[in-house]
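Hi,

Here's the structure I said I'd pass along.

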Amino acid sequence: MKTSAKKKKLLKIAAIVLATALLLPLLFVFAVYIGVFGKLPTKQELATIEHQQASEVYSADGFLIGKFYLNDRQPIPLKRMPQNLLQALISIEDERFYDHNGIDLKSMFRVAFKSILLGDKSAGGGSTLTQQLAKNLYPRSERTSKNIAVNKVKEMLIAKRLETNYDKNKVLELYLNTVSFGDNTYGIEAAARKFFDKPTDSLLIEESAVLVGMLKATYGYNPRLFPERSLERRNLVLYNMQRNSFIAEEEKDSLQQLPLVLNYRDYDHNNGIAPYFREAVRKELLAWANDKDVNIYTSGLKIQTTLHYGMQQLAEEAMTEHMKKLQKQFEDGYGKRAPWLSKKSIMKAAKKLSKYKHWQQVGLSEKQIQDSLSIKRKMTFPTYNGEEEVMANSLDSLQHFMKFLNVGSIGIHPKSGAVNTWIGGVNFSYFKYDHVNQSKRQVGSTFKPIVYLTALENGVAPCDYFSAREVEYQNLKGWSPSNSGNKDEAYLNYSLEEALSQSVNTVTVKVLEKTGLERVLAQATEMGIQTDLPKEPSIALGTGEIPMTEMASVYSSFINHGRPIRPYIIQQIRSYQDSVLYKHQQEKPVTSAYSEDNRKIMLHMMQSVVNNGTASRLRSSYGLKNAIAGKTGTTQNNKDAWFAAITPKYVNITWVGLDNHEIGFSNTAIGQGANAALPVFAKLYQKMNAEAQFDSITKAIFSPLTPEQQAKLACDPIKKDGFLKRLFTNPKKKKKKKFRG
């Protein structure tokens, strides 16, 4: 009796233990389900999943040139994901994906048996793709061991709800748009573009295998960092694809023999094509978005810009080729007397540093500060042959950067204002200052066409002659502008065309004096210059500091029937759902700033600058036979070099100089616009001439002059004044007179 009662008691205890063992997990799952350990997303929330999306910046010809993002993600529909990608994913991550409902119990028991009972650490995980998606959508807030069970159950429950809301194809789409590929890259489209520089639908089987292989460990299997590991993992994915009958064994063997080939492209803010342009787009986009309550870093905008990808590539190549050569000319021109070699100059620059001012404030002596600045450490210096690691101190760094020439260049379509090319500097990583839209520099002789045009508009004829003799203007405190040419030209009388083509300073000032300063300033405003200009005759020689974009407006008017056009950079903005949010509206045509007759005469005169004048090396040195007009510019003490180029379908303005206004070129031969700035355009046009895709631009021609216009220009370019030569070269004659302006 006692034995029977004891057995019953033991059976009862066993039943309670068994019931508890079965009930507790169910109670635990129920507790997770009702939100005891944190609220689960509802079916409705899961039905409206939205990702943060990178905004994409495109060139006018359809190339992705940049992104703005917090997390680099570009969701795409399943139809843009190739079958080989989906097959690779299922083969290596979830072979029974189409057979389970979000939870693969068979796989879980397999992993539990191998991992727990057999201690096989390579058994893998039991999570399905749907569970991984749940983890990606709702990352684990805590990863401590005590929370593993809670997190796993949550992911299983969310996975079940996901598969209730979505079919298998949608789950795959959500997963591949959500999963991380490392390096702050999320989703398959961003990964395909980063590692292979192509859209997802263009991935080859072996490329899909590489990307899918990364999912096990995005750092450890990163093909850029660990190519050998990545190759081994890729081949395992291919093996699994063959094992699951997605590819034949012969194809698997063939693919496994292929080398790992990347075309890595990091959409980094500092690197890539047109970084200064992209930054200008970002600033303009922010201003637009602030009014619309849109976050440009998360909303997946599609921004179509005006930039022409092919032209920009060639423009950057041309700039780098020229600036590398010019930098050497510049440094050799100074030799050992270079200002950046002077300790006095370096210390003057050092005193502008924030660290110098800080050390002064904390009471360090001048010697202590110099000692601190002299401590050497490992630094990276930019050069035209790439970055260079050196042991250097702060003074060495100042010396290196003081001598760097910089550049600004903008190219626009003269009738629309669309910016085709934009170079804000030589290296965005080190020089953030954009010389296209932030800089104002003296424009030198590129201002002269405004003076000559104003004269034509006010009755001066193209064949009126002006003496090149230097004059001292008493009403301007003895100001006496001179020319850089030979002294014999003082006895020459120039027609307007010849004076402009040879950039004769003395004639230009006389033309301004005859025309009137106020009229010239008013004409400049009508032609697109909004900057306040100095109300002094020296403006004729370009002493005004004017942004490059405004000079582009001025020169575009010579093609656009006398109407200046404002450069613009954003053509259209679309939402991630492809609805148009913004579209550039062409400005209403303004009244012509000058007559059509004088426009064509000025254009002809600026063609003479290229054919026979200061820009003639476009023909002689660079062999350009295209229809080109233009004007060179060089400022006082060779501080700024300019070249403005006009073609029938492309206007380009280029500046070259130093950011430090105290340093100029050592001599005019190196620092003149024709040598320092003109080659940036010349080399670009050489490259464009070599590519048929640019024929519509490079083979365009100017409209011819009418017979009446030709008659107005039909005169000798120069007339010699023998009387003046005898008067001012004979010492027995009267002393030089001072002329009032």
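Below is what turned up, going through strands, helices and a few single residues.

One thing to keep in mind from the start: this is a predicted model.

**The strand with cover on both sides**

I'd begin with β18, which covers residues 650-657. Eight of its eight residues are buried, so the strand is largely enclosed by the rest of the structure. You can see this on either face: Tyr 650, Asn 652, Thr 654 and Val 656 are buried on one side, and Val 651, Ile 653, Trp 655 and Gly 657 are buried on the other.

And which strands pair with β18? One is β17 (residues 640-647), antiparallel to β18 and joined to it by eight bridges. In that pair, Phe 643 sits opposite Thr 654.

**An open sheet**

Next, there's an open sheet of five strands in the order β2-β1-β5-β14-β15, and its pairing is mixed. At the edges are β2 (64-68) and β15 (580-583), each of which pairs on one side only. On average, neighbouring strands in this sheet are turned by 20° against each other, ignoring direction.

Inside the sheet, β1 (residues 55-58) and β5 (residues 302-305) run parallel and share three bridges. If you want a residue pair to click on, Tyr 58 has Gln 304 in β5 as its bridge partner.

**Two helices crossing**

Now to α14 (residues 343-350) and α16 (residues 366-373), which pack with their axes 12 Å apart and at an angle of about 95°. An angle from 65 to 115 degrees counts as roughly perpendicular, so that is how α14 lies to α16. On the α14 side the contact involves Lys 343, Met 347 and Ala 350, and these meet Glu 366, Gln 370 and Leu 373 of α16. Sorted by class, the contact has three nonpolar, one polar and two charged residues.

**Two positive phi values**

Ala 274 has a positive phi of about 50°, and Asp 293 has one near 55°.

Where do these two sit? Ala 274 is in the loop between α11 (249-256) and α12 (275-292), while Asp 293 is in the loop between α12 and β5. Their surroundings are a contrast. Ala 274 counts as buried because its relative accessibility is 1%, under the 20% cut-off. Asp 293 counts as exposed because its relative accessibility is 74%, over the 50% cut-off.

**A buried threonine in a loop**

Last one: Thr 531, in the loop between α21 (517-526) and β13 (545-547). Leaving aside residues up to four places away in sequence, Thr 531 touches Lys 440, Glu 545, Pro 547 and Glu 550. With Glu 550 there is also a polar contact of 3.0 Å between the two side chains.

Cheers

Key:
Residues are numbered from 1 along each chain as its sequence is written. This is a predicted model: local features need pLDDT of at least 70, side-chain atom pairs count only at pLDDT 80 or more; totals for chains, interfaces and linings use all residues. Side-chain values use heavy atoms; hydrogens and water are left out. Two strands pair if DSSP finds at least two bridges between them. Helices (H or I, at least four residues) and strands (E, at least two) are DSSP runs, numbered from the N terminus. Axes are lines fitted to C-alpha atoms, for helices over the stretch in contact, and angles run from 0 to 180 degrees between N-to-C directions. A polar contact is a pair of N or O atoms within 3.5 Å; within protein, one must be able to donate a hydrogen and the other to accept it, and residues adjacent in sequence count only if both atoms are side-chain atoms. Contact means heavy atoms within 4.5 Å. Buried means under 20% relative accessible area, exposed over 50%, partly exposed in between (1.4 Å probe, protein chains only). Angles under 35 degrees count as roughly parallel, over 145 as roughly antiparallel, 65 to 115 as roughly perpendicular and the rest as oblique. Ala, Val, Leu, Ile, Met, Phe, Trp, Tyr, Cys and Pro count as nonpolar, Asp, Glu, Lys and Arg as charged, and the others, Gly among them, as polar.
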